[in-house]
Amino acid sequence: VNHVVVVGAGLAGLRTVEALRSRGFTGRVTMVGRERHRPYDRPPLSKAVLSGEADDSYVGADLAALDVEFWPGVSAKSLRKGVVETTEGELGYDGLVIATGADPIRLPGDGPQHVLRTLDDAHELRAMLVPGARVAIIGAGWIGAEVATAARRAGCAVTVIEAGPAPLATAVGAEIGARTVPWYDGIDLRLGAMVDSVDEGGVRLVGGAFVDAHVVVTGIGVRPAVEWLADADIDLHNGVVTDEHLRASLPGVVAVGDCAAWWSRRWQTRLRVEHWDSALNAPDVAAATLLGEDAVYDPVPYFWSEQFGHMVQYAGHHPAGERLVHRGGTEGGDTEGKAGQEGKWSAVWLTADDALAAVLAVDRPRDLVQGRRIIASGQRIDAKRLVDPEVSLRDC
Ligand code: FAD
């Protein structure tokens, strides 16, 4: 391999460049990124940046020392074997890294609609979260919950509109999601409410009701940013399809991060996660694969969210679990910052043969760490001991 082209200058793209260099690759590396910014982390956008505690979240990487040609503000438009067509002309490659991440889904309607994916989005939205502003947030998923946290803290009048029966229902199921409802204290939480359109002055719901809002934020999920590959001879299915080495179907091409749907050895299924941890760690495997080494990406996926004063952490793959077991207080812990012992809880998903498939921990980081280890080991656990939150997971 002489020239590696990296499309997408997010965390996954940057980490792949770093991994190539640390594995001794001395050839040419070009990184193309649609945004004008150098690589930055996205998790702080809905946390420290939105709340005003930080202005940016740039990753501390020395692009000059990495000897990478960085093309900011340039998009890849199409791909054919050995050539990426960009908005600034063609780029030949003999190794290609697809790291284009994901783009937010928008709703129909002519009214102004904010999303939160980029640093620029975060700055724009932050300026609008002023005391008394009526803010309608569509979607009570991870992003919606974090934006609601920041908006409530900023003194806005917040409405959260969620089509499902509970917050986070799509991500972790309605039973777990329902336990977070008390966190929405002081917020007008509308569950089971479908949006018809985003109009001037607010949000029209199916059925005709109208939610007045100065600011509308849509947080209903993302789609892998792979439109530019539509005509390429490469397998796409919910992102770029890869094997366990993160190799795509076109020779010399790997995919990493939010856009990659990789084959999981552990769960014998294809996984695509939108997790910072994956953007951080998959690139080392992708770099090894590009350089002809034998590496496998087989993580226990990990994700966290900070919402309403709670640290919510998740590891594993719960669709592999058949039984949900709660550990600790079902009260939920209702007041921000005052989460007592009773506000800390976790839950685990067990497979049919009592192995751990996933763990979700609220302000119980030890459960997360131990649970993730147990999932990785495949060890069986005693479901009867699990329900006692005083018994540590590793002793179950
Ligand atoms: P991205 O970060 O999306 O980077 C891809 C880059 O490629 C983008 O800059 C994009 O503009 C560019 N691009 C796209 N198409 C093209 C093209 N055709 N040509 C050139 N460039 C292109 N995860 C957690 O685990 N915990 C959290 O708390 C958490 N919070 C989050 C909060 C927010 C607001 C957001 C948006 C995400 C959060 N995530 C969190 C998810 C995490 O940030 C992502 O999983 C991670 O950013 C994925 O990295 P990536 O490099 O794959 O994609």
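**Close-up 1. Helix H4 and its surroundings.** The buried residues of H4 pack against helix H2 (48-51), helix H3 (119-126), strand E9 (134-138), strand E10 (157-162), strand E15 (215-218) and strand E21 (302-307). Helices (H or I, at least four residues) and strands (E, at least two) are DSSP runs that are numbered from the N terminus. The model shown is predicted, so local features need pLDDT of at least 70 and side-chain atom pairs count only at pLDDT 80 or more, while totals for chains, interfaces and linings use all residues. Residues are numbered from 1 along each chain as its sequence is written, and side-chain values use heavy atoms, with hydrogens and water left out. Helix H4 itself covers residues 142-153, and its twelve residues reach 17 Å from the first C-alpha to the last, close to the 16 Å expected at 1.5 Å a residue, where the expected span is 1.5 Å times one less than the number of residues. Nine of the twelve residues of H4 are buried, a term that stands for under 20% relative accessible area, whereas exposed stands for over 50% and partly exposed for values in between (1.4 Å probe, protein chains only). Among the buried residues of H4 are Gly144, Glu146, Val147, Thr149 and Arg152. Just after H4, glycine 155 takes a positive phi of about 85°.

**Close-up 2. Strand E1 and its two partners.** Strand E1 (residues 3-7) is largely enclosed by the rest of the structure, because five of its five residues are buried. Both faces of E1 are covered, with His3, Val5 and Val7 buried on one side and Val4 and Val6 buried on the other. The chain crosses from E1 through helix H1 (residues 11-22) to E2 in a right-handed β-α-β crossover, where right-handed means that, with the strands pointing away from the viewer, the path from the first strand over the helix to the second runs clockwise. E1 and strand E2 (residues 28-33) run parallel and are joined by five bridges, and two strands count as paired if DSSP finds at least two bridges between them. Within this pairing, valine 4 stands opposite valine 29 in E2. E1 also pairs in the parallel sense with strand E7 (residues 95-98), over four bridges, and here valine 5 has leucine 96 of E7 as its bridge partner.

**Close-up 3. Where domain 2 meets domain 3.** The domain assignment of the protein chain gives domain 1 (3-103 + 222-290), domain 2 (106-218) and domain 3 (309-395), with bounds that come from an automatic or database domain assignment. Ten residues of domain 2 are in contact with 21 residues of domain 3, contact being heavy atoms within 4.5 Å. About 1,300 Å² is buried between domain 2 and domain 3, and carbon and sulfur atoms give 61% of this area; buried area is the accessible area (1.4 Å probe) that two parts lose on being put together, summed over both. In domain 2, Ile176, Arg179 and Trp183 lose the most area to domain 3, together 53% of what that side buries.

**Close-up 4. Two loop residues with positive phi.** Aspartate 67, in the loop between H2 and strand E3 (68-72), has a positive phi of about 55° although it is not a glycine. Aspartate 67 is exposed, with a relative accessible area of 53%. Asparagine 238, in the loop between strand E16 (222-224) and strand E17 (240-241), has a positive phi near 50°. Asparagine 238 is partly exposed, with a relative accessible area of 45%.
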